[in-house]
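Biologist: I am new to this structure. Can we read it together, feature by feature?

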Amino acid sequence: VGAARSSRGAPPARARAVGCEFREHARLETGKGRMVVRTGSLGWREPLAEATELALEGDLYFADLAEFGALLDARPWAGSARGTLEISGTLGEPQGRLGLRGEGVVIDGYALGDIEARARVDGARVEVLSLRALGELGQLDLQGAFDWRARAIETATLRASVPALEALLPERFERGVVALDARLEGTLDALAGELELAALDVALREGIELDWVEAQARLEPGRLDVRRLALAAAGIEARAKGALLHEGWTGPMLVELEQALLVRDGVGLVLEQPAAIEVAPDSIVAPALAMAGLRGELRFALAWREGQLDLDARFDDVEPMPLLAPFVDRGVSVGDVEGRLSGRQDSGRYELAANVRATRLVPAEGWPELELELAARAGGERAIVEQCRLMAGETLTLSLDGELPFDEREPWMLAQGTLHSSSELRLG
């Protein structure tokens with residue numbers, strides 16, 4: 001709802017059969033915004049949506065964007081904006097420029113803060129000369145050219161820095177700092193371009209914490225080529241190279257690992273051969289992964305489907321700590337491992353089986369280095385130990401076999417129950 005009137009109180013326009021011409025200022029007002037046309041004309045032609053002619057120069061002002069946003073979105077809009085508009089041509093092939101400044105802008109619930117934008121239009125082509133948003137979510141800079149009719153990006157450069165990921169995506173992150181640099185082109189459903197990302201102190205709602213992340217990638221329709229991925233978490237540094245194949249990002253995806261390296265305290269594991277990992281919203285399947293250290297190797301298969309996890313690992317005189325470190329306390333270490341370890345977790349219940357030998361085991365910080373031989377299986381309420389032998393050099397040997405109480409929901413805790421076992425302790 002609005003009214004057009006002259007700045008001098010006279011009728012602002014002279015009506016014609018095919019349109020109108022503004023001889024003096026015309027003003028269109030709503031309760032919280034206005035557009036002042038300094039000069040302009042409108043000429044209606046058929047078809048109206050394409051052939052209507054216009055030539056306008058004016059000023060825009062919105063005291064409260066909430067009124068404007070209510071027409072487009074149910075989520076909050078706020079802030080104020082003012083700018084200038086010059087436009088001519090037809091509705092189908094407009095020509096013009098736009099300059100806009102906003103304060104305290106909130107769009108679609110996102111607090112963008114203060115905004116400055118300059119753009120020009122040439123038919124279906126919109127060139128964003130500069131756009132900068134600076135607020136509590138961080139800083140965004142955008143330049144590029146877009147074809148609105150084809151819904152395509154000719155070229156675009158995007159730089160964004162977010163000091164608090166939890167403010168941008170509260171449902172996914174507890175904290176984190178991230179910077180993104182992107183150069184994009186293509187249609188909105190088939191984008192291509194270069195991506196660079198750096199993040200610090202990231203914590204996800206699922207409990208995963210990352211010290212830092214760096215990534216460089218090439219985006220193609222249906223494919224993301226990761227040229228470099230590096231991250232650190234729980235004392236481990238990981239580096240990888242590969243590709244992610246997808247169909248619209250929402251369905252199943254395939255991760256192709258070309259290279260991978262895990263390092264902890266100077267000890268590393270490297271991917272022996274390319275591997276594939278299938279990823280879906282309710283499953284992760286890695287049927288064959290092989291890692292090698294300075295000596296020996298580790299082969300394992302992993303499958304997580306609808307909450308059920310199956311893991312099978314085979315050790316051949318290998319140092320597995322680059323993989324195990326996130327799951328054990330600091331000070332615990334194990335090395336020179338041979339044998340097989342398997343487990344299943346389903347609906348919060350665990351089943352475990354082990355037939356392993358480790359010549360260098362430190363079960364807790366401050367403990368001496370031990371040698372372990374273990375053959376056992378556990379499930380339900382009992383653990384059956386066929387053989388367990390702990391040796392501290394030639395000074396101490398502890399042998400144990402029998403049945404132990406087992407808590408299938410908390411297997412890392414000492415369960416209550418009856419112990420049936422025989423043991424032998426040798427000193428010297």
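Biologist: Which residue takes a positive phi in the hairpin of β23 and β24?
Modeller: This is a predicted model. In that hairpin, S347 has the positive phi, near 55°. Two residues sit between the strands.

Biologist: How many bridges join β23 to β24?
Modeller: There are 13, and the strands run antiparallel. β23 covers residues 333-346, and β24 covers residues 349-362. As one case, V334 has L361 in β24 as its bridge partner.

Biologist: Which residue in β25 is the bridge partner of R357?
Modeller: E373 is that partner. β24 and β25 (residues 370-379) pair in the antiparallel sense, over eight bridges. The side chain of R357 also meets E371 in a salt bridge, at 2.6 Å, N to O. E371 lies in β25 and R357 in β24, 14 residues apart. R357 is partly exposed, at 34% relative accessible area.

Biologist: How many salt bridges does a search of the whole structure find?
Modeller: It finds 32. One of them joins the side chains of D181 and R159, at 3.5 Å. D181 is in strand β12 and R159 in strand β11, so the pair ties together parts 22 residues apart in sequence.

Biologist: Is D181 buried or exposed?
Modeller: Buried means under 20% relative accessible area. D181 has 18%, so D181 is buried. R159 has 45% and is partly exposed.

Biologist: Which residues make the nonpolar surface patch?
Modeller: L396, L398, L425 and L427 make it, with about 370 Å². β27 and β28 each supply at least two residues of the patch. L427 lies in β28. L427 is exposed, with a relative accessible area of 64%.

Terms used
Residues are numbered from 1 along each chain as its sequence is written. This is a predicted model: local features need pLDDT of at least 70, side-chain atom pairs count only at pLDDT 80 or more; totals for chains, interfaces and linings use all residues. Side-chain values use heavy atoms; hydrogens and water are left out. Patches are made of residues with over 30% relative accessible area and no salt bridge: like charges are joined within 9 Å, nonpolar side chains (Val, Leu, Ile, Met, Phe, Trp, Tyr) within 5 Å. Accessible areas come from the Shrake-Rupley method with a 1.4 Å probe; for residues, only the protein chains shown count as cover. A salt bridge is a side-chain nitrogen of Lys or Arg within 4 Å of a carboxyl oxygen of Asp or Glu. Helices (H or I, at least four residues) and strands (E, at least two) are DSSP runs, numbered from the N terminus. Buried means under 20% relative accessible area, exposed over 50%, partly exposed in between (1.4 Å probe, protein chains only). Two strands pair if DSSP finds at least two bridges between them.
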